[in-house]
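Student: Please take a close look at one part of this model. I would like the helix packing first, then whatever else can be said with residue-level detail.

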Amino acid sequence: MCGIFGYVSKNKTRAIPVILDGLKRLEYRGYDSSGIAAVVSGRILCKKKSGRIHEVEKILNNTWDSQAAIGHTRWATHGAPTDRNAHPHFDCSKKIYLVHNGIIENFRELKDRLLKRGHKFQSDTDTEVVAHLVEDFAKNEGVSFEEAVRLALKSIVGTYAFVFIHADHPGKIIVARNSSPLLVGFTDNEKYVASDASAVLPYTRKVVYLQDGEFAILTHNDFRIATLDRKAVLRNEERIEWSEDMVRKNNFPHFMLKEIFEEPEAVSNAIRGRLVLKDGLAKLGGLELVQNDLRKINRLILTACGTAYLAALVGEYMLEEYSGIPVETEYASELRYKKHNLDLKTALLAVSQSGETADTLGALKEIKRKGLLTLGVVNSIGSSIARETKAGVYNHAGPEIGVASTKAFVSQVAVMALLTLFLGRQRDMSLNTGRKISDELTKIPDKIKSILAGAKQIKKIADKYYKYENFLYLGRKYNYPVALEGALKLKEISYIHAEGYGAGEMKHGPIAMIDKDFPSVVIAPSDGMYGKVVNNIQEIKARGGKVIVVATKGNKEIAKIADDVIYIPETIEMLTPMLSVVPLHLFAYYVGVLRGNDVDKPRNLAKSVTVE
Ligand code: F6R
């Protein structure tokens, strides 16, 4: 949510192309407006515009010679997505420019104070106060640029990742972080700052992650990190393991389609080296440290947002059925404000692709403060949630660039299955059950591939249905969260109204909506719930509704009732979500494309929601 990028180098010719490239890579984090500012011959030049990055590119002068520059791509919070609210923002003297990702909670109070002191504001944003605050400290306290930034940061309440430049300091940028992601990438003669690793990947693999309450001063050949209390921080560099190819579309028209086609690999990567088939065990290195603590827990709370929440909900069904631990799943946005009557035998597990979602991080910190064991299932290595939890499991799904989460969902569900094995086999799960689950898990990637091989048929179904304005998604037990995920994906990408329900709930209300213009997508694999779900299909048909059914290969009967059938291979009930979700992801993708939408950057959304 909001992408920020900074660059400082010895070479004056690279700043603008590097910032532009970085912003394009970060655009999935927000695309309401964008802007670039650079120190050029003792003053700062800035171009910013509402809309996508190409709008700013059109008005940018690529011949600016600059050592230090900053860029921003915005997801609007305070202030409409207009040109004047676009970042970078600046002070009265137009010497201090900054970009920001986060929210300044005490901005009204600060703004009132600064207005009384004669500062003139150009935008409606919370961010702009910080530029004036730095100016005010520098002028009235007579302190250096660095010290003025430090004092300003100490006055702020809220979340932020900042990059500052100053007209009088052409070879320097200052960065700071509190609860919004920020990393510094570096080579000997260049320093990069970005909201996430994918943006610096073409330039360097060496990075340092800033932590909350830290700021850093960067020049082309040096960087110093310190806390806001001026304590120097020594941090080891880390290496990004992702390759350039992983953040390219390659031959796919959209990242979303590429990522759906990476679903088999996402599952393979999640389970690789983690199953001991002959013993029916999962070996999770990240949980070794807390193995004994986990034996003692008597309650597990799963928390997440959006699609990650739905993967956690699948996990709840798995864990309750096989691990013997009572499990509940809560939206992180609710959990952080709810009283839970927790005891120290409860553990919390946060699930997040980005590892930066503000609500999930907030809930995690709140529960951690109460002294409970905290665990994570996270895709982004080194992210805030990964660092904040005591132990956890990485998904290894690779970077997910499409704003709508797809491959992360299947990989999160695969990790949930691993956790079920891990915790279940610590308790009552038999060797045979452990073997059966682990053996079936290894077959999932090929089974997903066989569904993807039928993508053309799903495209044909999308052709038939894309003009409808309402959809109902139904599933039961393990496939109830999948119904919710199918509906969520369709809403996000196609802007069609879609509701997901537990199939059993249909008769308690949603059935009232059914008519010939309100089709349903029903997940009806041949499992323990099949008979009940078929009854629901009959009830819809009896009311003139059209039905697309996701059914198990070999079920010929269903074709007699359904309008359209998409077949998935057979597997054990708890693993079906990894298969049944694949056609729903494809269906949402094709419908979105047919409706002419930008499926990789759907309106009003942004990847990684780092504000509350
Ligand atoms: C839906 C989607 C969002 C995210 C949610 C959590 O397609 O992408 O609902 O799943 O914002 O994000 P992470 O997993 O990064 O915490």
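Predicted model: local features only at pLDDT ≥ 70, side-chain atom pairs only at ≥ 80, totals over all residues.

Tutor: Now the geometry. Helix α13 spans residues 407–426, and helix α19 spans residues 576–594. Their axes come within 10 Å and cross at roughly 175°. Angles over 145 degrees count as roughly antiparallel, so α13 runs roughly antiparallel to α19.

Next, the annotation. An unreviewed UniProt entry gives "domain: SIS" for residues 290–429 and 461–602. Take residues 290–429. This span is 46% helix and 20% strand, and its end C-alpha atoms lie 20 Å apart. Then residues 461–602. Here the figures are 39% helix and 20% strand, with the end C-alpha atoms 22 Å apart.

Finally, a single side chain elsewhere in the sequence. Histidine 72 sits in strand β4, which covers residues 68–74. Its relative accessible area is 0%. Buried means under 20%, so histidine 72 is buried. A polar atom of its side chain lies 2.7 Å from the backbone oxygen of histidine 100. What else does histidine 72 contact, leaving aside neighbours within four places in sequence? Besides His100, the partners are Cys2, Gly3, Ile4, Leu23, Ser33, Ser34, Gly35, His87 and Val99.

Technical notes
Residues numbered from 1 in each chain as written. Heavy atoms only, no water. UniProt positions renumbered as here; feature names shortened; annotations may be inferred. Helix = DSSP H or I, 4+ residues; strand = E, 2+ residues; numbered from the N terminus. Axes fitted to C-alpha atoms, helices over the stretch in contact; angles between N-to-C directions. Parallel < 35°, antiparallel > 145°, perpendicular 65-115°, else oblique. Buried < 20%, exposed > 50% of the residue type's maximum accessible area, 1.4 Å probe, protein only. Polar contact = N/O pair within 3.5 Å; in protein donor to acceptor, adjacent residues only side chain to side chain. Contact = heavy atoms within 4.5 Å.
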